[in-house]
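Hello,

Here is the structure I promised to pass on to you. Have a look at it first, and then read on for what I found in it.

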Amino acid sequence: MPRSFSRRFIRHGLLLCTSAIGTGFFGQYLIEKNKLKAAEPALHRPSVWLDDYPSREAQIDLMAKGSEYDIVVVGGGATGCGIAVDAASRGLKVALVEKYDFSSGTSSRSTKLIHGGVRYLQKAIMQFDREQYHMVKEALSERGNLLKIAPHLSYPLPIMLPVYKWYLLPYFYAGIKAYDMVSGRQLLRWSYLISKTKALELFPMLKKDKLVGAIVYYDGQHNDARMNIALAFTAARMGANVANHCAVTDFIHETIQVDKGEGKSETKKIIRGVKCLDRYRNKEFTIRAKCVVNATGPYTDAIRQMDDQTASKICQPSSGVHVVLPDYYSPNNMGLLDPNTSDGRVIFFLPWQKHTMAGTTDTPCEVTDYPSPSTADVDFILGEVKNYLSSDVQVRRGDVLAAWSGIRPLVLNPNKKDTQSLARNHIIHVSDTGLVTIGGGKWTTYRQMAEETVDRCIKSANLEPKNGCVTKGLILTGGETWTPTSYIRLVQDYGIETEVAVHLSNTYGDEANKVADLSSLTGKRWPVVGKRLHEEFPYIEAEVNYAVKEYARTAVDVLARRTRLSFLNVLAAEEALPCIIEIMAKELKWNEQKQKEETDRAKTFLLREMGLNLKRDMRRNVPINFTREEMGYYMKHFRQIDVGNKGFLTLSDLKRHLQVSTSDISEEELRILMREVDQNQNGIIETEEFLQLMSALNTGAVSTSHFVKAARIGKIKSNAPPERSGGGV
């Protein structure tokens, strides 16, 4: 029996190896024969291209006063803005309105990958699912196009798939080679197999035990929010009227007579436009249109039922949580794919914006304006990360710099009788009133979705475009003359430091000089211009001024989408907030009350949606569980600072102690140290708050503390048996 099993195992192993090698060579032959590099320059630019676009308020006035539009798009995410670009490129008159900000929802909270989906291809092959196969093939084609049309915002990224069992190596290798084959002429780079030694060289943080090798393949990565904004302003420069912070409050319906033949007719209600509210100016206006498109992602059902209260719900929202960790958790040019997590989900571990991003989860949820990451999801991701990293890397909750949740709008297909199964791809549905709904899909396929949606609009509303779809290869704003070395001109012409110049070039493309023109003098020998919003990040004050020109009307617009500060480090975002408010107040003429409202709204956003509450809860929920020796050690330090033995520390106590133990410290630095420890924000540091910080540092819930370093409180070193104090408070 063991001998027959061994023969069978060897036979299957050889078959898998042969299949993998054959797949690889055959695929390489096909691709080399008809290869078209995805990095080739874009094919064309729009026939209509304005040098500049109107202000946000001017756009709204044009919508309200203008004649009837061909298409009004509701929703300013990737799909909605893609539809606006497609329709405008065909010579149609287009308007777009977004309730919050461009990319404020799911489109800014993605995994930042431009990909076909390795796991979808696996399912397509294993389940003989033709629909899923075509979805992957379409996405891989669109991946190549997106890398062409926005080269400053997107780039190929190698992703490693580590293998810890020998028999899985040919299986994964064959699967990845099949992924290369399906890419066809849009192949980015050829995947390859590497040894254990090479894998550890490329990804030193990887767990060594039982590692047998790895496979490296390529997908695309991008700055999703900036890509979405580029789509919005590409549409604007092509003549479309677009505006954010405008909510659709109702539809404009008209009743018409429809000829049914044989002299019979019936009345029919159709949509002829939308009623809107400019949420920034609190001003109502209407837009008349021949066709209205519902491209609202998770809000699909709300818009459908605004048109028809009896419309069935088709959206099945799912929450995907991501966390951001420091850069030392991954190399800066190599991602990692975990194909087999403890609960069957796929986890990506990717370098992004000089940080490390990990995710995502997939949990059914309710639609909300304020999706929040949960502690359970963060713990799950950290647990999976820990499984793949070396024991030398201590995975700590305190290292989580930011966390967010995005709502993925999975949809049921209303065009099919069987409405219980989710559509694997996107769906387009036209209601009896003429409302065109586009749902589902993914970031990578936004262009194809937009093309099909505009085609359906033309057919259903009898529109007359000047030409067919031309968005394949249509360059986006900022990408036409950009090159990887464009940043050097910014350094040479403006005196901007290199890190900032690289950031500006890779964010704004060939429009970066417009931001540099707004930059103020630093007052230093070098850099000459470009004051930073936060010393740890390359974002500069001039970007806030430029963000206002890009229709940013709230501090959150700047923190989350014009820059990515809140997604990278929520504490740094909170620290940069006063400067952002000050600049926006000057640009938009905010009074003190408006400034306070914006500050409060931004802090709530950081707490609720970017994981700031989780960082604070991590400390509060850590049990104070010291040995008697540890308790005595920390209380000794507390009493040294606590003059008068009050049982709490004041700002004066802290100032007095630090002036004795360290050099002079400014009032602002003192307040920062106080805020770090004073969790309930009552102006004093209580004994429990002090001990909570010490315990959080010991357990890793907090990674570092300015307060502890300033007060020179070291970790206690003891070989005594762990006799616990049971809380000590």
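Two strands count as paired if DSSP finds at least two bridges between them. Strands (E, at least two residues) and helices (H or I, at least four residues) are DSSP runs, numbered from the N terminus.

Please keep in mind that this is a predicted model, in which local features need a pLDDT of at least 70, side-chain atom pairs count only at pLDDT 80 or more, and totals for chains, interfaces and linings use all residues. Residues are numbered from 1 along each chain as its sequence is written, and side-chain values use heavy atoms, with hydrogens and water left out.

Let me begin with confidence. The average pLDDT (the predictor's confidence in each residue, from 0 to 100) is 85 for the protein, and 85% of the residues score at least 70. Residues 1-12 have a pLDDT below 50, and beyond near neighbours in sequence this stretch has 1 contact (heavy atoms within 4.5 Å) in the model. Residues 18-42 also fall below 50, but that stretch has 37 contacts beyond near neighbours in sequence. Where pLDDT is low, the predicted coordinates should not be read in detail.

Now to strand β14. It pairs with β13 in the antiparallel sense over 5 bridges, and 4 bridges join it to β11 (residues 315-325), again antiparallel. Glycine 359 of β14 is the bridge partner of phenylalanine 348 and also of histidine 322. In the hairpin of β13 and β14, 2 residues lie between the strands, and glutamine 353 takes a positive phi near 55°.

Is β14 enclosed or open? 5 of its 5 residues are buried (under 20% relative accessible area; exposed is over 50%, partly exposed in between, with a 1.4 Å probe and protein chains only), so the strand is largely enclosed by the rest of the structure. His355, Met357 and Gly359 point one way, while Thr356 and Ala358 point the other way. In a regular strand the side chains alternate between the two faces of the sheet.

Next come the salt bridges (a side-chain nitrogen of Lys or Arg within 4 Å of a carboxyl oxygen of Asp or Glu). By this rule there are 39 of them. One joins aspartate 61 to arginine 281, with the closest N and O atoms 3.6 Å apart. Aspartate 61 is in helix α2 (residues 56-65) and arginine 281 in the loop between β9 (264-278) and β10 (283-294), so this pair ties together parts that are 220 residues apart in sequence.

Another salt bridge joins lysine 354 and glutamate 499 (3.6 Å, N to O). Lysine 354 sits in the loop between β13 (347-352) and β14 (355-359), and glutamate 499 in helix α13 (residues 498-508), 145 residues apart. Lysine 354 is exposed because its relative accessible area is 62%, whereas glutamate 499, at 31%, is partly exposed. Salt bridges that share partners also join Arg56, Glu57, Asp61, Asp278, Arg281, Lys283 and Arg553 into one network.

Glutamate 254 belongs to strand β8 (residues 246-261) and arginine 288 to strand β10, 34 residues apart.

Finally, what lies in the loop between α14 (512-518) and α15 (541-549)? Leucine 521 does, and it counts as exposed because its relative accessibility is 59%.

Enjoy exploring!
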